[in-house]
Structure formats: C-alpha cells, structure tokens
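Please open the structure in your viewer and keep the selection panel at hand.

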Amino acid sequence: MTTADENGKPEFDAIIVGAGFAGMYLLHRMRGMGFKVRVVEAATGVGGTWYWNRYPGARCDVESMQYSYQFSPELQAEWSWTERYAAQPEILTYANHVADRFDLRRDIDFDTRVKSAVYDETAKHWTITSEDGRSYTGRYCVMATGCLSSPNTPRFEGLEDFKGAVYHTGTWPHEKVDFTGKTVAIIGTGSSAIQSTPVIASEAKQLYLFQRTPHWVIPARNRPLDPEQQADWKQHYSERRAAAKANFSGIFANYNKQKAAEAAPDECRAEYQRRWDQGGLAFMGAFSDLLIDDDANKTAREFVTEKVRGMLKDKSLADKLIPDYLIGCKRLVIDTGYYETFNKPNVELVDISNSPIERITETGLRASGREFEVDAIVMATGFDAMTGALTRMDIRGRDGGSLKEKWSEGPRTYLGLMSHGFPNLFTITGPGSPSVFTNMLPTIEQHVEWVSDCIAYMRDHQRQSIEPSRDAEDAWVVHNEEVSGNTLKPACGSWYVGANIPGKPRVFLPYFGGFPAYIEKCNEVVAKGYEGFSLN
Ligand code: N01
C-alpha cells in the first residue's frame, strides 16, 4: 500500500526518519520553508541517543553550553544548564522542551520503526514502510538515524540460557534499575562502561568488569555551572559559536598550534598538566601533532600513564588498565571516578584480552577459566557505528539496488550526504561526514541547513530528483582515505574503522578533514550549482 495520490504525487515533500536532534531541527526548518513533512521515529519520544542511552552515569562529553542548538537565539537565551557536562536526563528534558516550544510532535509518528525505504524512479519518490505495515510516500527521504544508534550485542554462546537480567547501555529501561545487593557483570570498557561503572559499583554487592581492550581516559572534572559563567557564555555566544566553527572539532576550546615534537619535556608536561587539571576532551588539543607523530603521541601517553598509576592502589592493575596503543586513536573517554572505583573491595577487573568470554551460562559467565555467578549482565558493547542504522533497513534505490549491498565493502557517499544510485535520499551526519569527530549539534545544524536549502533549491528550480555522480562520490571516498591515512587515527581497532563488529569491512567511516574544511567544501559545491550532483 502506498500513500501517493492517483497521479503518483507523494503525500509528503519529505519523510524524515528519526526524531533525535537532527530530525527535530530538520522538521522545524522544512516546515518553516513551507514543506509538508512527516517524521517517523522508532521510540515513543524525541531525543534519539538521549532517549535510548539512559544507563546510570550517562552524560555528554561535550560541554553543555556548546552541546545545544544555535539556530534559535531565543531558545539559546532562555535555556539554562545546571552542570558543565549535562547528564542524560537533562539533555532529554532539553529535547522535549524543544519539541514543545516548536510544536514538533504533531508531525511525528512515534513507535514507528522503519523496515524499508524504496525509490520509485518513475514517480521520483520514496515509499517508507514501517515494521507494523504503515507506508508513507515522500519526494525526499532524509535519514536522521544517528551515528551510534544501532546497538551491538555480541552473540555470546548461551546468552538465551541466562536466568538473570540482561541490559544494553544503548537500550536501557525507562524505570530505575536497582543493583543494590546484586552481583553484576559489565562487558566492555568504552565510554558507556566507563561512565556507568562507578555508579553501578556504588550500588552493587559485587561488580565484575570484563575488559577486552583498555581505553585512554582523562578526567571530566564535571561541576555545577554557576550563573555568572552561564551569563558570560550567553553574552558571548555569537562570537564563540563562530570561533568554534573555525576549529577542527567544531568545539570552542584552546587548540595549541605548537608541536609536541618541538617542545621541551618540561613544557610538554606543563601543558598536559594544565589540560589534565581542566579536564575534558581538549586534552588532545595540547599539541598539534599528537595524532600525526607517534613520538609526539608518546609524550601524552607517558603523562597519562603516570597519572593512572598514581590513582590505583593495586599497582599491578595499572598494567591491565593502561592501553598499549596510541592515545586518541580510539575515542578518548572522559570519566568521573573510573579508576578510583578499582580501589573498592567490591570491584574486580576481569582481563579477557587473551581469553574471550567462553559462554554465558544459566547463572553467569565463563571466562579465563573461571565461572562468574551474577544476577545481571550489562552489555556496554557499543554500536554498529555510522552504517548500522542504515544497513539494518532495506533501502532500495534506482533499479532496486540495495544500499546494504552497495556498501558491503564499506560505505560510499558524496560528502556523507548522499550515495550514487539513491536519488533524493539524504543522510544527516552520514559516513564520510565529520560527524563523530565534531560537536554533533553544530554539525547536525550544518547538515540540516544544507539539505533543506538543497530541497528548497530543487523546488524553486522545478527539479524533482538529485543524485551525486559516481565520479564525485569516488573522488570523495578517495579524499577521505587520504585525509585519514595521513594521520595515526586508523591505526587501531576502533569503531571508527568498524573493527568492533565481526565481519564489518575495515574502512575509516567519518571524515577526518575537520569541520571548517568540510563546511567550505559543502558551500563550494552549492556555489558551483551543486557540483558533482545531477539535478533532474
Ligand atoms: O562503545 P565502545 P560505547 N567481548 O564501542 C567491548 C559515544 N559515547 O557504547 O575495545 C568483549 O566504545 C569493546 O572491546 P574492544 C562515544 O563516541 C559517548 O562505550 O572492541 N568485549 C569495548 O570495550 C563512544 O566512543 C558518550 O576490544 C566486547 C566496548 O565493548 C561511542 O559512543 C557516552 C565485545 C564497547 O565500547 C561508543 O561508546 C557513551 C565482545 N564480544 C558513548 N564486543 C559521552 O558523551 C565489544 N566489546 C560521554
């Protein structure tokens, strides 16, 4: 069943999949441009990532004064944050406030998980079908499905036999999970585990943390935001937001242009110490060559190693908790009390680097030749990043071509916005865009504005379909490989290269050329009449 009229005209100008920060702003902007838009969302509410990731300790690692929309000066002026880094409930409250303030819910269908999206080449429209059989037609389809939204649950043998509770950090229950008096296993030691471990450890009788690979961790130094700081930010928002966009990460922070390789050892140390004391992701901005030169990177590793050793009572644990790979290669994690948690008597690190979890049993886990009896298992095992949310839907473009098949050797996009063979299908923060290397909110806004302006251009020029050329796409894919290949970033087994998902092709997924270069390229493409795209 399709919802197009008898002349084949689609019911909507655009169908947006996802009501996270991307889908919400796109709906608001396109509605304001006079388009008829419908959003379909799998969850029962708005907020995307912040709707699903309700695990204990969930908190953003970008400062709250920057992790917010800037498209509405009024919204920006009226909203107040309570902490330097907002916790998940506060960000979700913000998302709901935005939905109410701009009356977004009337154009969103919740509890609607998309199963397929099929392009009709003759009618030049997309038909989106939900798992419960509802269909929508739209001239355009925009996938605002997020970068880290398809949870990865490894297929541990025996998982279905386990009699206790199993949770995934990315699909956490809405009601409070009380671990008081319980024995808990957490599997994984990425951001989600590092945030939840101290909180779960404070409740549980016993916590086992199963670590395959340690992460580099820097203190967050979260604190309440005082009114003066907030007022100062609000007063200087426009210049700070502009300055942020001129930074590689889209974050307003101090990035040192000096190279560690050219700094004296005590100068290096002082710079790291300053940033360690400040806390946060800006630690990696200490020197400009940390992700380019292994020797430079080593200076940062040595500094952090010494700090971690100093925090642990059991010095033998340090060898297990300190990574043996480049700092910043996997996503840097910022923490609140992670290492200190290992000083508690009820917490044990289980090193599974050489002997993986053998199986889940009725009563717990078997690993490293030991049986662990537990009441609950927390999968902090991450996501099928950047492509998973897209390839789990059956997306069919021209001639019935499948996106999943096209991307079987790795995703291919032009600017991370569109893929050849899939006219009128856009992705917000898709693979090949800066996305996860930036502050997601300004990156989302830039994409939303580019896509909605493009659709308005199509309307104003009486065009009905847009698609990138194969040549433009190939050139962008090659450019992506070159840019990341000139750095140390692809050197370790991170989710940036799909290494966390068995069988996923090893391709560097996000664009590592920086936000300013990316914005410039997107603007240039438009200025040259949508160079690299064919408009019909
Ligand atoms: O997931 P991850 P995450 N057996 O992929 C382990 C963002 N985020 O949810 O490293 C045993 O980082 C896996 O081990 P290994 C942020 O961008 C942000 O924590 O693959 N272990 C790893 O330790 C982040 O990077 C915030 O060897 C297995 C862990 O599970 C991204 O989301 C908060 C395994 C997964 O770590 C993802 O973070 C949270 C197996 N079979 C998330 N499979 C903030 O803003 C996987 N693992 C602060």
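Begin by selecting the shell around the ligand, whose residues divide into 10 nonpolar, nine polar and five charged (Ala, Val, Leu, Ile, Met, Phe, Trp, Tyr, Cys and Pro count as nonpolar, Asp, Glu, Lys and Arg as charged, and the others, Gly among them, as polar). This is a predicted model, in which local features need pLDDT of at least 70 and side-chain atom pairs count only at pLDDT 80 or more, while totals for chains, interfaces and linings use all residues. Residues are numbered from 1 along each chain as its sequence is written, and side-chain values use heavy atoms, with hydrogens and water left out.

In total, 24 residues surround the ligand (a heavy atom within 4 Å of it), and the closest include Arg212 and Lys330. Next, select Thr213, where a side-chain N or O atom is 2.4 Å from an oxygen atom of the ligand, and then Ser192, where a polar side-chain atom lies 2.6 Å from a ligand oxygen.

Now move to strand 2 (residues 37–40), from which Val37 and Val39 point one way and Arg38 and Val40 the other, all of them buried (under 20% relative accessible area, with a 1.4 Å probe and protein chains only). Strands here are DSSP E runs of at least two residues, and helices H or I runs of at least four. Finally, select strand 3 (residues 108–109), where Ile108 is the bridge partner of Val39.

Note on methods:
A polar contact is a pair of N or O atoms within 3.5 Å; within protein, one must be able to donate a hydrogen and the other to accept it, and residues adjacent in sequence count only if both atoms are side-chain atoms. Buried means under 20% relative accessible area, exposed over 50%, partly exposed in between (1.4 Å probe, protein chains only). Two strands pair if DSSP finds at least two bridges between them.
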